[in-house]
Amino acid sequence: MSNMSTSEDTVVGYSSSSNVKKARLQSTLSALLDDPILSDVPNKPNLADVDTLINLELGSAMRISIVKMDGTSFDVAVLNSATVKDLKLAIKKKTNEIEQSKMGHRHISWRHVWANFCLAYHNDKLIDDKSVLQDFGIRNSSQGSASR
């Protein structure tokens with residue numbers, strides 16, 4: 001019986017130790033993400049976000065500035081092999097992140113957005129989701145825009 005109590009204490013002690021380690025990790029991550037050098041890391045990054053940012057540093061991804069119709073802009077990062085669909089997904093994610101930080105949850109009908117607007121680079125409309133961005137001459141630091 002005392003043997004059972006000892007094993008329960010070990011499990012409880014392990015759980016408590018695990019929670020302390022998890023809290024320490026969260027604290028360290030928060031401190032890292034507050035660093036201005038890491039300002040381009042999203043608030044709740046997933047593995048794909050981190051992978052894209054690493055590839056950006058290694059030169060196998062590109063940062064594209066998207067100019068909205070109101071003249072404001074924001075940056076997204078995609079792999080060098082990205083398609084128009086990948087760019088649209090990055091724009092959706094970034095826009096949702098911006099909207100979330102400004103106003104809380106707000107629903108955007110992306111089906112409506114892409115049915116009424118398209119992306120453009122210079123005079124080329126990026127209509128085919130399967131087209132590779134580099135085929136349009138889009139490179140790191142390029143500037144795309146929204147158009148009707």
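Mentor: Begin with accessible area, which comes from the Shrake-Rupley method with a 1.4 Å probe, and for residues only the protein chains shown count as cover. For this chain the accessible surface comes to about 10500 Å², and carbon and sulfur atoms hold 54% of that. The model is predicted: local features need pLDDT of at least 70, side-chain atom pairs count only at pLDDT 80 or more, and totals for chains, interfaces and linings use all residues. Residues are numbered from 1 along each chain as its sequence is written, and side-chain values use heavy atoms, with hydrogens and water left out.

Trainee: Which elements does the chain have, and in what order?

Mentor: There are four helices and five strands, and from the N terminus they run α-α-β-β-α-α-β-β-β. Helices (H or I, at least four residues) and strands (E, at least two) are DSSP runs, numbered from the N terminus.

Trainee: Why is I98 placed in its class?

Mentor: I98 has a relative accessible area of 24%, so it is partly exposed. I98 belongs to helix α3, as does K88, the helix spanning residues 84-103.

Trainee: What is K88 in contact with?

Mentor: Contact means heavy atoms within 4.5 Å. Neighbours within four places in sequence aside, K88 is in contact with W114, L119 and D129.

Trainee: What makes D129 and K88 a salt bridge?

Mentor: A salt bridge needs a side-chain nitrogen of Lys or Arg within 4 Å of a carboxyl oxygen of Asp or Glu. Between the side chains of D129 and K88 the N to O distance is 2.8 Å, and the pair links distant parts of the chain, with D129 in the loop between β4 and β5 and K88 in helix α3, 41 residues apart. At 31%, D129 is partly exposed. As a rule, side chains of opposite charge can pair when their charged atoms come close.

Trainee: How many salt bridges does the whole structure have?

Mentor: The search finds two. K93 also forms one, with D49, and the closest N and O atoms are 3.1 Å apart. K93 is in helix α3 and D49 in helix α2, so this pair ties together parts 44 residues apart in sequence. D49 is buried at 13%, whereas K93 is partly exposed at 34%.

Trainee: How do you know which strands pair, and in what order do they lie in the sheet?

Mentor: Two strands pair if DSSP finds at least two bridges between them. The open sheet of five strands has the order β2-β1-β5-β3-β4, with mixed pairing. Its edge strands are β2 (73-79) and β4 (124-126), each pairing on one side only. β1 (residues 61-67) and β2 are joined by seven bridges in the antiparallel sense, and M62 stands opposite V78 in β2. Helix α2 (residues 47-58) packs on the sheet, touching β1 and β2, with its direction at about 105° to that of β1. For such angles, axes are lines fitted to C-alpha atoms, for helices over the stretch in contact, and the range is 0 to 180 degrees between N-to-C directions.

Trainee: What joins β3 to β4?

Mentor: Three bridges join them, and the two strands run antiparallel. Y121 stands opposite D124 in β4. The two strands form a hairpin with two residues between them, and H122 in the turn has a positive phi of about 55°. On the faces of β3, C118 and A120 on one side and L119 and Y121 on the other are all buried.

Trainee: What makes a nonpolar core, and which residues touch the most other members of the largest one here?

Mentor: A nonpolar core is a set of buried Ala, Val, Leu, Ile, Met, Phe, Trp, Tyr and Cys residues joined through side-chain atoms within 4.5 Å. The largest has 18 residues, of which I64, V76, L87, I91 and L133 touch the most other members. Helix α3 gives the most to this core, with four residues. Residues up to four places away in sequence aside, I91 touches I66, F74, V76, W110, W114 and L119.

Note on methods: Buried < 20%, exposed > 50% of the residue type's maximum accessible area, 1.4 Å probe, protein only.
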